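Please read each point with the coordinates open.

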Amino acid sequence: MRPTAFLTDLQQRLASLDATLHQELLPLPEAVLNHKQSPESWSVLECLEHLNRYGRYYLPALQRALGHPEAASKPEEEVGFSWLGRKSYELVRPENRKAQKTLSRMNPARSHLTPAVLQEFEAQLAAWSSLLPLAAQANLNRKAVPVEFFRLLKLRVGEALLFVVAHMQRHVQQAQRAAVISVQPQPQLK
């Protein structure tokens, strides 16, 4: 995919996430935001806090990568993917509903969370959108973003952007499912 089409796709995905946040998640009462179907499942706030934790790492990492002088050498080639980039995307793509093991530091289960999680996620969405114009001037095929769990491995700039956005889509969909389950009538035990 050409860089312009790639970044346009990411911008559309981010706009869709922002619309979902504002239309479906922000209006929910705190009881619904914190409701869990089971002790192992995540609430709406836990889904978004998980994303906030990843954002706290990947936003600065991508800002550094895009602000680096070497980032400005923009090729007109297709956005490429390494084995690591393809595998990372495959694990988090929204269509892959298979549960993945979460690193303990990224697992928000049993955290005391407030609706402030929503505001942080909203701010991070805006920050991600503001990075895309910088990415339009960058070499998206440059390996520059250390992987959060093993920083010796690096993703290409384009791979990292796609990974983060797909990861957000996956967990926002999970948050939507958690919200729907929490407002459905619970069966009465007799």
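1. Helices (H or I, at least four residues) and strands (E, at least two) are taken as DSSP runs numbered from the N terminus, and the expected span of a helix is 1.5 Å times one less than its number of residues. Helix H1, residues 3–25, has 23 residues and should therefore span 33 Å at 1.5 Å a residue, and the 31 Å between its end C-alpha atoms agrees with this.

2. On provenance, this is a predicted model, in which local features need pLDDT of at least 70 and side-chain atom pairs count only at pLDDT 80 or more, whereas totals for chains, interfaces and linings use all residues. Residues are numbered from 1 along each chain as its sequence is written, and side-chain values use heavy atoms, with hydrogens and water left out.

3. The chain contains six helices and two strands, arranged from the N terminus on as α-α-α-α-α-β-β-α. Of its 190 residues, 47% count as buried, where buried means under 20% relative accessible area, exposed over 50%, and partly exposed in between (1.4 Å probe, protein chains only). Among contacts (heavy atoms within 4.5 Å) with a separation of 6 or more, 83% come from residues 24 or more positions apart.

4. Returning to helix H1, its buried residues include Phe6, Leu10, Arg13, Leu17 and Thr20. Thr20, with a relative accessible area of 13%, is buried, and once neighbours within four places in sequence are left aside, Thr20 is in contact with Leu25, Val172 and Gln176.

5. Which residues make up the salt-bridge network? By the criterion used here (a side-chain nitrogen of Lys or Arg within 4 Å of a carboxyl oxygen of Asp or Glu), the count comes to eight salt bridges. Glu49 and Arg53, both in helix H3 and four residues apart, about one turn of the helix, form one of them, with their closest N and O atoms 3.1 Å apart. Glu49 is buried at 8% relative accessible area, and Arg53 counts as buried at 18%. Glu120 forms a salt bridge with Arg56, the closest N and O atoms being 2.8 Å apart; this pair links distant parts of the chain, since Glu120 lies in helix H5 (residues 116–136) and Arg56 in helix H3, 64 residues apart. Salt bridges that share partners join Glu49, Arg53, Arg56 and Glu120 into one network.

6. Lys36 and Glu46 also meet in a salt bridge, at 3.2 Å from N to O, with Lys36 in the loop between H2 and H3 and Glu46 in helix H3, ten residues apart. Lys36 is partly exposed, with a relative accessible area of 24%, whereas Glu46 is buried at 4%.

7. For aromatic pairs, ring centres of Phe, Tyr and Trp (its six-membered ring) must lie within 6.5 Å, and planes under 30 degrees apart count as stacked, over 60 as edge-to-face and the rest as tilted. The count by this rule is four pairs. The rings of Tyr57 and Tyr58 have centres 4.8 Å apart and planes at 85°, so the pair is edge-to-face. Tyr57 is buried at 12% relative accessibility, as is Tyr58 at 2%, and Tyr54, Tyr57, Tyr58 and Phe163 form one aromatic cluster.

8. One further item concerns the loop between helix H2 (30–34) and helix H3 (44–67), where Glu40 has its place. Glu40 is exposed, with a relative accessible area of 66%, and its C-alpha atom is separated by 8.0 Å from that of Ala109, 69 residues apart along the chain.
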